[in-house]
Amino acid sequence: MPGPALDLVTARRWAMTARLSLAAARDRIDALNVFPVADGDTGTNMFLTIDGALEHVRVQFENGAGTDRLRDGLQLIARGMLLAARGNSGVILAQLTAGLADAVGPDVEAAGPQEVATAFEQAARSAWDALAAPVEGTILTVARAAAYGARAAACPGQDSVAEVVGAALEAAREALARTPEQLAELRDAGVVDAGGAGLVLVIEALHTVLLDLPAGADGEIPDWWSAADGPMTQGEDSTEDAIEVMFLLTGSDPDRAGRLRAHLAHVGDSVVVAGGPSDYHVHVHLEDPSAALEAGSLAGAVSEVRQTSLAATAHERPGPAAPSRPLPTGVGVVSCALGEGVTELMTAAGAVIVPSGPRHRASAGQVLAAVRACESEAVVVLPNDEDMVMVTRVAAVEARKEGLSVAVAPTRTLVEGLAALAVMDPSGRLEDVVRFMSEAASSVHGGALTRADRPADTPVGPCRPGQWLGIVDHGIVAVEDDLAPAARVVLGTVWHDGVELVTVLLGEGCDAQVRGELDAQLSGRIQGNDVELTVVDGGQPTYTVLLGVE
């Protein structure tokens with residue numbers, strides 16, 4: 001006898017159960033990070049992706065966007081996941097839900113085995129296609145195995161969604177167990193892939209609710225979600241009359257409030273974002289209230305929402321006039337970065353900064369909000385972090401759907417981002433600007449120096465907490481008690497004939513002794529050569545020294 005169907009209630013329970021599972025396991029998943037450096041945040045990213053999705057759904061439901069249709073409900077969850085997505089793993093979670101939404105018809109009440117198998121396949125395909133250089137032994141491998149397992153189980157005559165998801169789960173677990181055989185870094189550290197582990201938990205959550213087990217300790221979904229059941233109400237209001245939207249924004253900051261103000265001025269008028277430094281009263285007139293609420297949810301927590309049609313009252317009380325805005329011109333830049341010094345440098349170069357870095361990575365929605373707020377005809381986005389490339393590409397796709405001209409220059413480090421900004425031409429064509437910036441970034445040979453925060457086995461031997469690690473291309477090339485020998489190995493690895501420029505970013509924990517030892521190593525390389533040295537107090541977390549040679 002077939003188990004419970006994958007209907008709207010089950011989908012909601014899945015989201016809640018996945019959130020509970022990831023909340024409990026986030027620290028353990030973070031600890032699977034193969035680097036003995038405090039930059040592992042895969043579990044945190046996946047938890048924040050689902051947590052942010054549920055907050056997005058809450059805001060929409062509490063303001064009339066309830067639905068009794070499976071596809072609409074899945075699309076709402078997927079939209080929330082997409083905006084909240086952090087890291088590659090968060091994007092893949094969003095793609096899994098979006099794949100399921102796309103696989104079911106608009107009037108389907110419950111997804112069947114074929115739709116579920118198709119959803120797993122679409123998610124895996126999208127994830128593999130999104131990365132320029134996909135790697136086996138990662139969450140991608142686990143996602144693909146889950147898709148194979150689901151499709152094999154969705155044979156003719158199969159009427160149990162639970163069996164299909166169970167097969168996907170079994171295949172995912174087996175693939176996860178094999179990841180150390182596929183990646184030397186995992187084998188050396190004695191761990192499985194962190195993203196793959198998180199994905200297994202999410203599939204397991206779906207299997208759990210399909211077996212009709214409770215979603216949480218009380219087995220209930222939130223009151224606000226239950227109360228929102230029913231057909232679309234205000235969310236489907238198709239009137240062309242302007243709506244006055246007011247709400248309280250809490251937990252924000254002046255930068256995010258400023259971006260919200262700029263974005264609302266693009267999509268509406270009579271814009272007011274007043275208050276601070278963390279709480280703001282927001283007012284706007286526009287035709288689609290959900291656009292204001294979504295933008296607000298990217299800047300903080302939205303509450304106390306009031307919506308009023310202006311059709312009958314426009315002659316009585318026009319709202320406060322919005323300031324006139326100049327027409328956008330040229331190419332702007334959105335740059336992801338953490339660290340006071342490096343953000344000041346990038347801001348001086350004309351970039352809009354999205355705070356983002358190891359263990360504090362931005363969501364796709366936060367990047368999208370910054371793109372929306374740019375007063376430029378076109379925008380280039382610099383991720384400056386390998387784990388932000390997919391996130392920024394998602395944000396760019398969403399921005400292009402809104403008619404904005406956006407492209408990503410896939411910078412992998414802060415030093416690459418600075419090199420890209422150095423050749424930025426705001427008056428050029430977007431295609432040319434992106435090409436030149438990408439070429440400048442790819443010419444950088446980068447390395448890093450930092451201290452291990454936990455014991456681990458590395459490709460060059462075991463390390464203890466506090467030892468210096470030399471890192472090149474995200475691989476550990478040196479483990480030393482002192483900085484000097486680690487710096488010597490890193491410089492020797494990245495140095496090449498014809499070096500003209502060396503850029504050094506000094507991060508948190510870079511004291512006078514570290515500076516002295518580093519200066520000695522750099523002087524030995526540069527002396528007698530026509531090499532320009534630029535040293536910046538970047539203030540970036542996690543990595544004591546970041547350097548690049550060009």
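Author: A charge sits over a ring if NZ of Lys or CZ of Arg is within 6 Å of the ring centre and within 35 degrees of the ring normal. The model discussed here is predicted: local features need pLDDT of at least 70, side-chain atom pairs count only at pLDDT 80 or more, and totals for chains, interfaces and linings use all residues. Residues are numbered from 1 along each chain as its sequence is written, and side-chain values use heavy atoms, without hydrogens and water.

Reader: What makes Arg435 lie over the face of Phe436?

Author: Arg435 is 4.8 Å from the ring centre of Phe436, and the limit is within 6 Å. Arg435 therefore lies over the face of that ring.

Reader: Why is Thr141 called buried?

Author: Buried means under 20% relative accessible area (1.4 Å probe, protein chains only), exposed over 50%, and partly exposed in between. Thr141 has 7% relative accessibility, so it counts as buried. Thr141 lies in helix H6 (residues 139–153); helices are DSSP runs of H or I with at least four residues, strands are runs of E with at least two, and both are numbered from the N terminus.

Reader: What makes helix H16 largely enclosed?

Author: Eight of the nine residues of H16 (residues 414–422) are buried, so the rest of the structure largely encloses this helix. Among them are Leu414, Glu416 and Gly417.

Reader: How do you know that S1 and S4 pair?

Author: Two strands pair if DSSP finds at least two bridges between them. Strand S1 (residues 243–250) and S4 have seven, in the antiparallel sense, so they count as a pair.
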